[in-house]
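Keep the model open while reading.

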Amino acid sequence: MFYLCSIGSNLDPNTHVSTVLGELLARFGPLQLSSVIRTEPVGMQSRNHFLNCLVIVESGLDPASLKQIFVALEIAHGRDRSDPLCKVHDRPLDIDILASSTDGDFATAEVDSYLAELLAELYGHGEVHDPKVALQVAIPGPSGKLKPGKGLLTRQVGLGPLVLGEPSEGGQRAPAIHLDAGSRHITVPHQ
């Protein structure tokens, strides 16, 4: 099953959005990601701007189980979900499931107005006018784990739609190498 999800943060948003994208990538594999935009708060009073993006996740989980994982991530990032007013307070992380599909096509999905341009952009049907924000996301290594420290691979995201976690990222798949026995030359074909 494919899920169209929104990610938002207005407390240290660069850190939280970057980190959760790496965590989702490590957990679910490749993600289709929109631009990351800076927006005014919607439905709440705050001086803090939000970073928002859309992501398409593929998972065998049912929606309720996937939402449990998202809530656990929100809590791990510092969101107080026990507060009955948490929907109108600043938050380090908010992940919502907006739609599900067996084929991953969300071109006609209904989303909030501030996300509509991101959805259109994912399908090549428009441009985003809100300010875009570049973020660095840690790419899991061949084991699928995020390993902080020396040599951690990162990928810049946020300035346009992309597939994050393609097999060539993070050393997950080495290119084929061919040895010509006659000339003893090694070639690496373009992929």
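In what order do the elements of the protein run from the N terminus on? The order is β-α-β-β-β-α-β-α-β-β-β-β-β. The count comes to three helices and 10 strands. Helices (H or I, at least four residues) and strands (E, at least two) are DSSP runs, numbered from the N terminus.

This is a predicted model: local features need pLDDT of at least 70, side-chain atom pairs count only at pLDDT 80 or more, and totals for chains, interfaces and linings use all residues. Residues are numbered from 1 along each chain as its sequence is written, and side-chain values use heavy atoms, with hydrogens and water left out.

**Overall figures**

The protein has 191 residues, and 38% of them count as buried. Buried means under 20% relative accessible area, exposed over 50%, and partly exposed in between (1.4 Å probe, protein chains only). The accessible surface comes to about 10600 Å². Carbon and sulfur atoms hold 53% of that surface. Areas come from the Shrake-Rupley method with a 1.4 Å probe; for residues, only the protein chains shown count as cover. Among contacts (heavy atoms within 4.5 Å) with a separation of 6 or more, 64% join residues 24 or more positions apart.

**Cores**

A nonpolar core is a set of buried Ala, Val, Leu, Ile, Met, Phe, Trp, Tyr and Cys residues joined through side-chain atoms within 4.5 Å. The largest one has 29 residues. Ile7, Leu21, Leu24, Phe70, Leu73, Val157 and Leu164 have the most contacts inside it. At least two of its residues come from each of several elements, including strand 1 (2–9), helix 2 (63–76) and strand 8 (162–164). Helix 1 gives the largest share, six residues. A second, separate core of 11 residues includes Leu4, Ile37, Leu54 and Val111.

Leaving aside residues up to four places away in sequence, Ile7 touches Val17, Leu21, Leu24, Leu51 and Ile95, among others. With the same exclusion, His16 touches Ser9, Leu11, His77, Pro92 and Leu93. His16 lies in helix 1.

| Residue | Relative accessibility |
|---|---|
| Cysteine 5 | 0% |
| Histidine 16 | 14% |
| Cysteine 53 | 0% |

The structure holds zero disulfides (pairs of cysteine sulfur atoms within 2.5 Å).

**Strand 1 and its partners**

Seven of the eight residues of strand 1 are buried, so the rest of the structure largely encloses this strand. Two strands pair if DSSP finds at least two bridges between them. Strand 1 pairs with strand 4 in the antiparallel sense, over eight bridges. There, glycine 8 stands opposite asparagine 52. Strand 1 also runs antiparallel to strand 5 (residues 94–101), joined by seven bridges. Leucine 4 has alanine 99 of strand 5 as its bridge partner.

**Helix 3**

Which residues of helix 3 (residues 113–122) are buried? They are Leu115, Leu118, Leu119, Glu121 and Leu122. Just after helix 3, glycine 124 takes a positive phi of about 70 degrees.
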